[in-house]
Amino acid sequence: MGKTMRRSAPSRSAARVRRRACMSHRSWTIAAVALAVGSCAALPAEAAASASLIVIPSPASGPSLSYFKLSLAQGGLAHAGTISLRNPTRRRLRVALDPVAGRTIDTLGSTYGLRGSDARGPAGWVRLGRRRLTLAPGETVAVPVSVLVPGTARAGDYLSGVAVEQLGQQAQSSSRRGVSVASVARYAIGVETSLPGPRHPLIQFTGARLERQPAGLAFLLEARNPGNVILQNVVGRALITTGSRVVRRVPLGPGTFVTGTSIAYPILAPRERPRQGTVYRVRAYLRYAGGVARLDTLVRFGRADALRQQLYGGPKASASSGLPGWLVALLSVLGAALLSLAVVLLVRRRRRGERSPVRTIDAALRAARESGEPLSLISVSLAANGAAPRKLVPVLRSRLRHSDRLCRLDAQRFVVVAEGTDLQTADALAADLRRHVQRAELLTADVVIEVQEPDANASAEDLLQSIQSETRHPLTPRPTG
């Protein structure tokens, strides 16, 4: 990993790596992931070292590991260990911890989802003693970590993690080759859970496709791990040809393929400038403990790819698609018919299937009561002479997380249901929405965004009535911006 990673004493410090850096199964140690806004370039040493929080995992399985490793039965609960958070500074530090999903990067290797991303499956088994805390100067707090496996879980090996972030960090900015990069430090500690039962190692290729990227032509080999084993040392080769000419012959891996994940392995051919209609043969294999996955398929460089290549200075795309006239006419008629049918179905679906605010909030309240997780509502209101809702909705959707739910209350009001989100995080999300409303040239004087904390015992009808009447009971509004 070169200069993007710094190692120190095992299990007593945090190694910092840039986002999506490849980590093998043996490197499921604590990793500080520096996230670059607008770029994934490696960060300078001073930016990587800017965070003042010290994170020390203490697995219950022993000090020889710097990640949590457990073996337990379905329906079981086990103590995984603790995460010690130390504040060596003279100021108070706010810290957030969240379970995150284990993933496989496209070039093989284990990694973790971002804090606040959708944490289902094994990540939903992780239980934290505390998820938000404030450290006084010089204070150290140990947060217990446990794993509760549902009784319906299947046998196998699963990877999740715990993301740790110091809130309120001052983003470190740097410039490389004319690109400005802002970064903050985040940490991820692996949680490997093994459930008893037979093992079925399996990797499957699902296809291949072409993608004309700015750097050149890329072949993406799509594969998945549908088995129940975290496969290490996966290795293979790929051969790409057109006619008798070899385009690329490259090794694949070695690396780790996490259970229940998929990849699109990129193979770049920067010197390849194909004509429209060029057909490539893609052959590849991945060898793993328990079998071999093989791929042998054809991919075609189509008109859309040729037009994109032309924008990057490549050969001019053909004026036609290269298909016979009668086939083009037939496809046009079929396309028009399918488009009309799609429009009709979409209209019907919108009329009867728009997300119900009452059902959505009711479900969120039940989930919050059962799990004890926080719940926030973000209301967005437009004045009578404000921005048109059709202009506002795309702006809101572009900034919401995968787990957030946007509901329309009426022609001028919306509500965002943010599960697992405390008021502080909701305030930040609302401020982000306001900034992007401003950038979209929507008059902020006519758009009011408020963060509200529901009463756990309130009903959805009460909450919606309170929002629509602009009263404060049973909500505690928190204006933002």
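**How many residues lie between β19 and β20 in their hairpin, and which residue in the turn has a positive phi?**

**Figure 1. A hairpin of β19 and β20.** Two residues stand between these strands, and G290 in the turn has a positive phi of about 125 degrees. Strand β19 covers residues 279-288, and it pairs with β20 in the antiparallel sense over 10 bridges. Two strands count as paired if DSSP finds at least two bridges between them. Helices (H or I, at least four residues) and strands (E, at least two) are DSSP runs, numbered from the N terminus.

A word on what you are looking at: this is a predicted model, in which local features need pLDDT of at least 70 and side-chain atom pairs count only at pLDDT 80 or more, while totals for chains, interfaces and linings use all residues. Residues are numbered from 1 along each chain as its sequence is written, and side-chain values use heavy atoms, with hydrogens and water left out.

**Figure 2. The whole protein, before we zoom in again.** The secondary structure comes to seven helices and 25 strands. Of the 481 residues, 46% are buried; buried means under 20% relative accessible area, exposed means over 50%, and partly exposed lies in between (1.4 Å probe, protein chains only). The protein exposes about 24700 Å², and carbon and sulfur atoms supply 51% of that area. Accessible areas come from the Shrake-Rupley method with a 1.4 Å probe, and for residues only the protein chains shown count as cover. Among contacts with a separation of 6 or more, 70% are between residues 24 or more positions apart; a contact means heavy atoms within 4.5 Å.

Figure 3. Look along α2 (residues 303-311) and you will find D305, A306 and Q309 buried. These three cover an arc of only 100 degrees around the axis, which puts them on the same side of α2. The arc is that of the directions from the helix axis to the C-beta atoms. The buried residues of α2 pack against β14 (204-213) and β20 (291-300). Just after the helix, G313 takes a positive phi of about 90 degrees.

**Figure 4. A second hairpin, made by β14 and β15.** Strand β14 is joined to β15 by a hairpin through two residues. The two strands run antiparallel, with nine bridges between β14 and β15 (residues 216-224). Here you can pick out R212, whose bridge partner in β15 is L217.

Figure 5. A salt bridge is a side-chain nitrogen of Lys or Arg within 4 Å of a carboxyl oxygen of Asp or Glu. By this rule the count comes to 15 salt bridges. One of them joins D98 to R132, with the closest N and O atoms 3.4 Å apart. This pair links distant parts of the chain: D98 is in strand β6 and R132 is in strand β9 (residues 132-135), 34 residues apart. R132 also meets D422 in a salt bridge (3.2 Å, N to O). That pair too links distant parts of the chain, as D422 sits in the loop between β23 (413-419) and α6 (423-439), 290 residues apart from R132. D98 is buried at 5% relative accessibility, D422 is buried with a relative accessible area of 15%, and R132 is partly exposed at 26%. The network of salt bridges links D98, R131, R132, E373 and D422.

**Figure 6. The salt bridge of R401 and D404.** The closest N and O atoms of this pair are 2.9 Å apart. R401 is partly exposed, with a relative accessible area of 24%, whereas D404 is buried at 7%.

Figure 7. The peptide bond from G253 to P254 is cis, with omega near 0 degrees, and P254 belongs to strand β17 (residues 245-257). L108 is a residue other than glycine with a positive phi, near 75 degrees. You will find L108 in the loop between β6 (93-104) and β7 (110-112), buried at 0% relative accessibility. N233, also not a glycine, has a positive phi near 55 degrees. N233 lies in strand β16 (residues 231-242) and is exposed, with a relative accessible area of 57%.
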